[in-house]
Amino acid sequence: MRAMWEFFFGVGWFATLLSYITITTAILISGSLIMMLLTWIERRGLAYMQDRKGPNRVGPFGLLQPVAEAIKTITKEDITPTEADRWVHFLAPVVILASTVAAFAVIPWGNLIPVDINVGVLYIVAISAVHTVGILMAGWASNNKFALLGGMRGVAQAISYEIPQVISLVAIVMLVGSMSVVDVIQHQMDPYGNILSWHIFTPVGLLAFVVFWIASLAEGERPPFDNPEAESELVAGYMTEYGGMKFAVLFLANYLTNFAICAVTAGVFLGGGNGPGSDIPILGTLLSVIYFLAKSLGLFFVMVWIRGVVPRLRTDELMHFAWKFLLPLALVNIFSTSLWIAITRWGAEQGMGVAEALGEPGSIARLAVAWLVTGVINVVAFFVVARINATRGITTYQATPTAV
Amino acid sequence: MLKTEELQINIGPQHPSTHGVFRLMATVDGETVVHLEPVFGYLHRNHEQLGEIWTYLQTITITDRLDYFNSMINEHGYCMTVEKLAGIEVPERAEYIRVIMSELSRILNHAAALGFWLQDMGSWGTTLMFGFRQREMIMDIFESVGGSRMMCNYMRFGGAARDITPNIVEQIQLFLEGFPQFIDDFERLMMDNEILLARSRNVGVLPKELAASYSVSGPVIRASGIPYDIRKAEPYSIYDRFTFDIPVGTVGDVYDRFLVRMEEMRQSHRILQQALEQLPQASGSYINQAYKAASKQQGLRPPAGEAYCRVESPKGELGYYIVSNGGNTAYRYGIRAPSLINLTALNDMCRGYKVADIVVILGSIDIVMGEVDR
C-alpha cells in the first residue's frame with residue numbers, strides 16, 4: 001500500500017500517512033459492512049433453526065434490513081438518564097467501539113495485512129481487554145441497577161475468561177516461535193495446499209482451539225455466556241439505558257468483537273487465508289480473502305448455531321467453568337505442547353512444520369510419536385477434567401418422577 | 001475488606017420475563033437473593049364483579065380471559081359449577097367432548113410453559129418455537145370446533161356449543177399420532193443438556209411440608225412429592241373412566257417440575273386416546289337439548305343456593321364458587337386461582353439462590369397474570 005502511494009507522490013512520510021489512512025478507512029468500512037452481514041446471518045440463521053422466516057422484506061432476502069435498522073436507530077432521540085453520569089455514559093460506547101476496532105489492525109484478511117507487528121497476538125489480547133473498561137463504564141454510569149449488575153457480571157466474566165484464552169494462545173505461540181499473527185499463519189502454510197498443516201489438526205492445536213473458542217464466546221458475550229446482557233434476567237444488562245445511536249454503537253461493537261473472535265480463531269487455528277491456490281501472485285490474494293471470509297463466517301455461523309440450542313449459564317457456574325475446566329485444560333495443553341516441540345524438533349531448526357517433516361527421513365516417525373504422546377495426554381486430561389466437573393455424574397441425585 | 005450493601009431491585013412490572021405485568025421486589029446481596037416479595041394487581045380487571053353483573057352465559061366469555069392459555073378448562077370448571085347450581089345434566093357425548101378439549105388444553109399449556117421456561121433460562125427462542133409448533137396445531141383444532149383460537153367460548157351449560165364432526169376427530173387423531181415424537185424430541189433436545197441440569201437441579205427447592213402448608217397445587221405440589229391431582233382425588237366429569245398415572249417428583253426442584261410437566265403431557269395423550277376410542281356416536285347429544293334454548297336466550301335462572309366446583313387446570317386446582325339468589329346473574333362469584341396461590345410460595349423458593357435463578361423459578365411455577373390478578 002505504501003509502495004503504491006510512493007509511486008504517486010514519491011514523498012516517504014506522506015505516502016506512509018496516506019497508506020495508513022487508506023487502511024484505516026478500509027477497515028472501518030469493511031467492518032461496518034461485515035457487521036451488517038453478521039446481523040443478517042444471525043437473524044436468518046436463527047429463524048431457519050426456529051421454523052420462522054426472519055427478516056425477508058427489505059431488499060433481496062432481507063439483506064438490506066440492517067440498513068433500514070441503521071436509519072431507524074440514527075434518527076431516534078438520544079436519551080441520557082437524568083441521574084446518569086453524563087460524560088462516562090457518553091464515553092462508554094466510544095471506548096468499547098474503539099477497543100474493538102483497534103483489534104482489527106493486526107488481523108490479516110487473507111494475504112492483505114494491515115499492520116504486521118511482532119507481538120500481534122499479545123496486542124489482540126491486550127486491546128480486547130480494554131473492552132472490559134467500557135462495559136464497567138456503561139454499567140456504572142447508567143445509574144440503573146440492572147445495568148450495574150450487568151456491568152459487574154461483564155467485568156468478572158471478561159477477567160476470568162481472559163486467562164484460559166491467553167494460556168491457550170501461549171501453546172500456539174510456543175509452537176510457532178513468534179507472536180506475530182502473520183508468522184502464525186505462515187506456520188500453517190503448506191506448499192501442497194495440505195490442510196492438515198493447520199494448527200487445529202494437531203492434538204495440541206485442537207485442545208487449544210476448544211479452550212480458546214469457548215473462552216472467546218464468553219469474551220464476546222455470546223450465548224451461552226451472554227450473562228452481562230442476559231435478556232431474560234437483566235433486561236439488557238449494561239445496555240439497558242442506551243438508546244438510539246449509542247445503542248447502535250454498542251451493538252456494532254458487539255458484532256465486531258464477535259467477528260474479531262472468528263477472524264482470530266480462523267487465523268490462529270484454521271490457517272487464515274491459506275488454502276489451495278492462495279500463493280498465486282494476484283489471484284491468490286483474492287482467493288485468500290475469500291478463504292478467510294469463508295472460514296470466519298463459518299465460525300460465526302457456529303456461534304449462531306450455539307445460540308440457537310443452548311441455555312444460558314448462571315454467573316457462578318460460569319466462573320466455575322472458567323477456573324475449574326478451561327484453565328486446567330489450558331495448562332495441560334502447554335505441557336503437551338512443550339513435549340510436542342521437544343519430540344519433533346530434537347536437534348532440528350526452529351519452525352519445522354509437517355512439510356519439512358515429510359521431506360526429512362525419520363521425521364515421520366518423530367511426528368507420529370509426538371501425535372501419540374500429546375494426543376493421549378490431551379484426551380485423557382479432557383475426560384478427567386470433564387468427569388470431575390460433570391453434574392450428570394452425581395449419583396446421589398435422583399429426580400426421575402414416578403407414576404403413582 | 002470493603003463494606004457491602006444490600007441492593008433492592010425491582011424486577012418488573014415492565015420486564016421481559018415476568019410473564020405479564022408483575023413485579024418482584026428482590027433484595028439481593030451481590031447476586032444472592034436475600035428476600036423476595038411478589039407484588040401484583042397491575043392487571044386487575046374486575047373479573048369477579050363482572051361475573052356478578054353479567055348473565056351466566058355472558059360470563060363464560062370472560063372465564064376464557066382468566067388463564068388465557070387454557071380457556072377450555074376454565075370454561076369447563078365454570079359450566080360445571082353452574083350446572084351443579086341449576087341441576088343440569090350433561091349428555092355422555094358432551095362429557096367426552098369436554099374431556100377431549102380439556103386434555104388438549106393441558107397439552108397446549110404445558111408445551112408453551114416448557115418453551116417459555118427454557119426461554120427464561122436463556123435458550124434463545126428455539127425451544128419456545130418448538131413448543132409453540134404443537135400449540136399451533138392444537139389451536140387449529142380449537143378453531144375448528146369453537147371458531148376461535150385462544151378465547152374458545154366453546155362450552156355451554158349442559159354440553160358444548162357445537163358438535164365435533166368426524167373431520168375434527170380425524171384432525172385430533174392426526175395430532176395425537178405426531179405428538180409422542182415431539183415429546184421424545186423435546187426430551188432429547190433438553191433433558192441431557194449439561195447446562196440445563198446445572199441450572200435446574202437443586203434450584204428452587206420446595207419441600208413437601210412447605211408445599212402443603214402453602215396449599216400450592218398442580219405440577220408444583222406434585223414435583224414436591226405429593227400425588228395430589230383433582231382428576232384422581234375427586235374425579236369430576238368422567239375422569240374416573242380413564243386409566244392414567246400421576247407423575248410425582250422426589251426433590252421438588254425446578255428440574256422435577258420440568259419432568260412432571262413432560263410426563264403429564266404423555267398422560268394427557270393417553271387420556272385423549274382412550275376418550276377418542278370411547279366417544280359415543282349419538283350425534284346431536286353434544287348438549288342437553290332441554291337447556292339449549294334457555295341458555296341461548298340468556299334465560300338461565302338457577303334456583304337460590306350456592307355451589308363450588310373444582311377442576312384440575314394445568315396450573316393447579318381451579319375452583320369456582322357461585323351463589324345464586326334466583327336471578328339471571330350470579331349473586332356472588334369467586335375464583336380460587338391456582339397461579340395466585342402457587343405464587344405465594346415464591347419467596348421461600350427463591351431465597352438463597354442467585355438473581356438468575358429468580359426468573360427460572362418463576363417460569364417453573366408457570367403463572368399467567370390474567371389469572372393471578374383477575
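A charge is taken to sit over a ring if NZ of Lys or CZ of Arg is within 6 Å of the ring centre and within 35 degrees of the ring normal. In chain B, the charged end of Lys232(B) sits over the ring of Phe244(B), 4.6 Å from its centre. Arg135(B) likewise lies over the face of Phe132(B), at 5.0 Å from the ring centre. The model is predicted, with pLDDT of at least 70 needed for local features and 80 or more for side-chain atom pairs, while totals for chains, interfaces and linings use all residues. Residues are numbered from 1 along each chain as its sequence is written, chains are lettered from A, and side-chain values use heavy atoms, leaving out hydrogens and water.

Turning to ring pairs, the whole structure holds 34 aromatic pairs over all chains (Phe, Tyr or six-membered Trp rings with centres within 6.5 Å; stacked under 30 degrees between planes, edge-to-face over 60, tilted for the rest). One of them, Phe225(A) with Phe321(A), is stacked, at 6.2 Å centre to centre and 25° between the planes. Phe225(A) lies in the loop between helix 8 (203–219) and helix 9 (231–234) and Phe321(A) in helix 12 (residues 315–344) of chain A, so this pair ties together parts 96 residues apart in sequence; helices are DSSP runs of H or I, at least four residues, numbered from the N terminus. Phe225(A) is buried at 3% relative accessibility, whereas Phe321(A) is partly exposed at 23% (buried is under 20% relative accessible area, exposed over 50%, partly exposed in between, with a 1.4 Å probe and protein chains only). Both residues belong to one aromatic cluster, together with Tyr161(A), Phe325(A), Phe382(A) and Phe383(A).

Terms used: Helices (H or I, at least four residues) and strands (E, at least two) are DSSP runs, numbered from the N terminus.
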